[in-house]
Structures are given as structure tokens and as C-alpha cells.
Amino acid sequence: MEENMERNMERNMKRKSRGRQKIEMVKMKNESNLQVTFSKRRSGLFKKASELNTLCGADIAIIVFSPGGKVYSFGHPNVDTMVNRFKNINQPFPNPNNNMRLSEVQPHTFNLQMNDVLTQVMNDTEIAKKKSEEIRKKRKNSKRPENWWENPVEEFDLAQTQEIFVKVENLKKVVADEASKNFQVFPHPNFCVGSSSGALFRDGGYINPNLDQYEQRRMFNVNAYYNQNMYPPIYQLPYGNNSYAGGYVPDQYNLNFMHAFNQYQNQNQNLGFKDEGIPENERHQDGHPPHF
Amino acid sequence: MARNRAKMTFLENNTSRKATFRKRKEGLMKKASELSILCGVAVAVIIEGEYSSVPEVFPREDVGSVIDKWDKLSQADKDKKMVNHEKYLKQRIEKAKEKLNKVNKENREMEMKELMFDCLRNKTAPCFLGPNELRDLGVFIDQYIKILSRRIETLTNNQGSSSTSVVPAAAGTTSVAMPTAAMGSSSTGFNNMIEENMNEIPNVKDFDLNRCSEE
């Protein structure tokens with residue numbers, strides 16, 4: 001009971017940001033805090049304006065002068081139009097155009113589409129963050145590290161570093177070997193790959209001599225994904241308890257020998273990483289029996 | 001966080017749209033006021049809703065002075081930080097995508113680190129991995145080797161100081177935050193290795209399991 005009280009006190013003292021605390025409605029004293037506040041609140045204000053228009057179809061304009069004298073503005077349809085409309089209201093004779101928009105509350109298509117995309121991205125980010133948590137938790141909970149080389153590199157001495165260096169270099173060679181086997185396919189144009197155990201692609205996908213489809217399967221451009229509203233499949237690898245739900249390939253990871261991937265060109269959205277789902281006996285056989 | 005983003009779409013229901021408009025408009029005006037006071041800056045808001053032929057403005061009495069200030073600006077100054085709705089949404093999407101990329105990349109790196117360790121622990125081996133894993137694992141290994149090399153360099157340069165001195169890695173304090181290896185930047189990069197292998201396919205190098213298994 002006392003422990004809890006202590007912990008609560010600690011947590012309150014450690015509080016990093018002031019969020020959800022009441023603040024005084026006077027000009028802020030601290031210059032840098034003021035800058036940060038301005039930036040965040042201005043951003044939030046524009047967001048609210050965007051949402052007000054999306055939800056209710058209202059036209060809106062916001063003009064904000066920064067502490068440094070710069071001007072930020074947001075407008076739907078646009079700032080200049082709105083300002084002009086507003087000025088014309090004060091004409092001696094009422095301007096019929098001002099009432100025009102009363103019947104025009106429908107939102108524009110771009111608005112809905114882009115908001116959809118934005119929502120998707122944010123949801124995906126939530127998912128990815130949760131996955132982050134899981135990964136970290138898993139690592140914490142397992143009784144590792146079982147081996148000294150699982151610790152941070154900074155803790156190694158020279159001999160250890162050199163030792164693990166050799167091991168990792170060797171592993172790299174094996175990985176490269178294995179990877180190059182996947183490129184061994186330059187088949188005769190008439191060669192059709194069936195679903196035999198030698199197949200690289202489980203669905204017996206046609207292998208183009210230009211490795212076009214393979215390239216498409218290997219590349220995964222997030223931009224294309226968002227353009228086509230497709231989700232990358234999440235899958236489990238068949239070995240052990242570890243699940244490497246891969247499939248996402250950040251741009252830097254694109255080992256893309258035939259480069260120049262055009263995101264708008266991605267016709268084949270069958271980015272099915274089905275090869276990852278191949279059970280062991282159907283995998284590319286390299287002559288070695290599986291072993292753990 | 002993000003408890004509300006659920007349905008950002010036009011409200012067809014007239015009643016809810018009207019209520020939402022009223023509440024959100026009020027909230028927006030309040031936020032505008034807070035921004036103006038807290039930061040001591042001029043703010044103007046003009047809202048034209050479907051329920052009134054007269055626009056609602058902030059500041060209620062004195063919006064004109066802010067508009068005057070605005071009028072005095074050159075068109076260039078006005079345009080510099082002006083956004084319409086479409087441009088605004090584009091910017092937000094870009095930022096959100098960057099963030100998503102970042103998180104995904106970190107996740108992938110953590111996974112690849114585990115995978116590398118699993119290989120070293122003999123829980124698995126490259127022959128069981130699909131092309132995506134192999135590729136990403138290769139990239140990660142390259143990064144890791146770089147870090148190891150740097151560590152070796154630092155330690156050999158510091159020869160003479162205690163062998164247990166902890167020299168902070170250039171990359172940062174956690175071993176997960178690794179520098180991104182630019183593609184092909186290392187002379188024996190993964191990319192190059194595969195290309196070499198494509199030309200002459202060697203036997204699988206001896207992956208000495210026995211040697212790795214005990215530590």
C-alpha cells in the first residue's frame with residue numbers, strides 16, 4: 001500500500017510533459033516553450049479546421065501570424081477566396097454570391113479519399129507500434145541472453161569482438177550463397193514451372209526470364225501499397241516459435257538489381273509472399289537435410 | 001491517443017452533422033483564442049457553415065484588424081506558408097508515411113537481429129529462409145559487421161587502456177539503433193556478394209555448427 005503511494009509520487013514528479021494539466025491563459029513566459037507551443041497548437045488548429053470541413057462541409061479560413069512574424073494560413077476552398085468573400089459582405093448591397101454555397105455542402109472527392117488514406121496510414125502505424133511493443137516484450141521476457149554475444153557490442157572486448165566478427169562473416173557468406181540460389185533461375189523461355197518440389201514459387205508462377213514477377217514479388221514499395229489500398233500479408237515462418245512476419249521491405253532494403261521501380265507501375269498486386277509459406281518439404285532443396 | 005480518428009468522412013445525417021458542426025466550431029474558436037493568447041500572436045478564423053448566411057469569425061469583434069495585417073503582405077509572403085485543404089492533407093499523409101516507415105524499419109531490424117542470433121545459435125539456418133528474409137538478413141548483417149569493425153578499430157587504437165573499457169559505439173547507446181548501411185557502400189557488401197555468386201556458384205561454405213554451438 002505504501003509502495004504504491006511512493007510509486008505514484010515518483011511518477012508525478014517524473015512527469016515529462018504538461019499534457020492534460022490546466023494552464024494559465026496568459027502569454028507564455030519561456031521563449032522556447034512559446035515557440036514549441038505555437039508550432040504544436042497551430043498544427044492542431046489546422047487539423048481541427050480540416051476535420052470540420054470534412055465532417056460538416058463548412059468552408060473555412062485560418063490566418064495565423066507567428067511570433068517571428070511569418071504567416072501561416074489554411075483555407076478551404078482557399079484562403080484568398082474566403083477573405084474576399086468575407087470582405088464583400090460589408091458591401092452596401094448584399095452580394096448574391098455569398099449565399100451560393102448554402103446548397104453546396106457536399107465534400108470534394110479528394111477530401112474523402114485522402115482522409116481514407118491518412119486514416120489507413122495511422123491505423124497501420126498503430127499496428128506497427130503494437131508489434132514493436134510485442135517484440136520488445138518478448139525479448140525482455142525470454143531468459144536471454146543465453147550467449148555473451150547477444151549483449152550490446154559495446155560490452156565486448158577486443159578478442160570477443162574479433163571472434164564474433166568471424167562468425168558473422170561466415171554467416172554472411174552462407175546467406176549470400178543461399179540468396180544467390182534464388183537467382184539461379186534463368187530458364188528456357190518455354191520452361192514452365194509446375195508446383196513440383198523444385199518450384200521457387202509455390203503457385204507455379206510463371207518465371208519470366210527477365211525476372212519481372214520475381215522482382216515484383218521481392219520489391220515492396222510502401223507508396224504503391226497506399227496507392228492501391230492493399231495490405232501486406234502477415235504470415236508466420238514455419239520453423240521454431242519465432243515468427244518473422246516479414247514482407248515489409250523498407251526502401252533501403254530493396255536489393256533490387258533491376259532497379260527503377262515505378263510505384264505507379266505496380267499492376268500485379270499479387271504481392272503474395274507465398275514462397276514464405278512453403279512447408280519445408282516443398283522448399284528449394286539444396287541437398288542438405290533439414291536439421292536444427 | 002488516436003481515439004477519435006475513426007470516421008473522418010462527411011456526416012450524411014443532418015442532425016448529427018448540425019450538432020457536430022456547432023460543437024466543433026465552438027471548439028475551434030476556443031483553440032484559436034488560446035493560441036492567440038498563449039503565444040501573443042494575431043489569429044483570424046472565418047467559418048461559413050450551411051446554417052447561417054453570415055460567416056462566423058474570430059476574433060468576434062476585431063477580425064478586421066488581422067485581415068488588414070494580412071492585406072498588407074505581399075502575395076509571395078502570403079503564399080509561402082499557405083495551404084489549401086488538398087495540399088494540407090498531402091503533407092499530413094507524407095509525414096504519417098514517414099513515421100510508419102520508420103517504425104516498420106525498426107521492427108524489421110529487431111526481427112533480423114533475432115534471426116541472426118537464431119542462426120548463430122543454430123536454431124535455424126539460411127537454407128530455411130525465404131528470399132525476403134535472406135535479403136533483409138543480409139542487409140542487417142552488413143550493418144552489424146560495420147559496427148563490429150568500428151568497435152575493433154576503436155579497441156585496437158585504444159590498446160593500452162583496460163580491455164573492459166566501454167567505448168560508446170558511434171551509432172548510439174542501444175545496439176538496435178544501427179546506422180543504415182547505404183546500399184553497396186561496403187566493399188564486400190551483400191549486393192556484391194550475390195553478384196559474384198551469380199557468376200560462379202560455389203559450394204556452400206562450411207558453416208561449422210560445432211564451432212558456434214558452445215560459448
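This is a predicted model: local features need pLDDT of at least 70, side-chain atom pairs count only at pLDDT 80 or more; totals for chains, interfaces and linings use all residues.
Residues are numbered from 1 along each chain as its sequence is written, chains are lettered from A and ligands numbered from 1 in the order in which they are written, and side-chain values use heavy atoms, with hydrogens and water left out.

**View 1. The two chains at a glance.**
Chain A has seven helices and two strands, and its pattern along the sequence reads α-α-β-β-α-α-α-α-α. Chain B has seven helices and three strands, in the order α-β-β-α-α-β-α-α-α-α. Here helices (H or I, at least four residues) and strands (E, at least two) are DSSP runs, numbered from the N terminus. Of the 292 residues in chain A, 43% are buried; for the 215 residues of chain B the figure is 48%. Buried means under 20% relative accessible area, exposed means over 50%, and partly exposed is in between, with a 1.4 Å probe and protein chains only.

**View 2**
Start with strand E1(A), residues 59-65, where seven of the seven residues are buried. In a regular strand the side chains alternate between the two faces of the sheet. Along E1(A), Asp59(A), Ala61(A), Ile63(A) and Phe65(A) point one way, while Ile60(A), Ile62(A) and Val64(A) point the other way. E1(A) pairs with strand E1 of chain B (residues 43-48) in the antiparallel sense over six bridges, and Val64(A) stands opposite Val43(B). E1(A) is also joined by six bridges to strand E2 of chain A (residues 71-76), again antiparallel, with Phe74(A) as the bridge partner of Ile62(A). Strands count as paired if DSSP finds at least two bridges between them.

**View 3. A hairpin turn and a cis proline in chain A.**
Five residues lie between E1(A) and E2(A), which form a hairpin. Look in the turn for Gly69(A), which has a positive phi of about 100°. The peptide bond from His76(A) to Pro77(A) is cis, with omega near 0°. Pro77(A) sits in the loop between E2 and helix H3 (79-88) of chain A.

**View 4. Two backbone details in chain B.**
The peptide bond from Phe58(B) to Pro59(B) is cis, with omega near -5°. Pro59(B) belongs to the loop between strand E2 (56-58) and helix H2 (63-71) of chain B. Elsewhere, Asn122(B) is not a glycine, yet has a positive phi of about 65°. Asn122(B) lies in the loop between helix H4 (85-120) and helix H5 (131-157) of chain B and counts as buried at 15% relative accessibility.

**View 5. A salt bridge between the chains.**
Side chains of opposite charge can pair when their charged atoms come close. The structure holds 20 salt bridges over all chains, each one a side-chain nitrogen of Lys or Arg within 4 Å of a carboxyl oxygen of Asp or Glu. One of them brings together Glu51(A) and Arg24(B), at 2.8 Å from N to O. Glu51(A) lies in helix H2 of chain A and Arg24(B) in helix H1 of chain B, so this pair joins two chains. Glu51(A) is buried, with a relative accessible area of 8%, whereas Arg24(B) is partly exposed at 21%.

**View 6. Buried charges in chain B.**
Arg108(B) and Glu111(B) form a salt bridge, with their closest N and O atoms 3.2 Å apart. These residues are three apart in helix H4 of chain B, which means about one helical turn separates them. Arg108(B) is buried at 2% relative accessible area, and Glu111(B) is buried at 6%. Both take part in a network of salt bridges that also links Lys131(A), Glu133(B), Arg135(B) and Asp136(B). Another salt bridge joins Arg121(B) and Glu114(B) at 3.7 Å, N to O, and both of these residues are buried.
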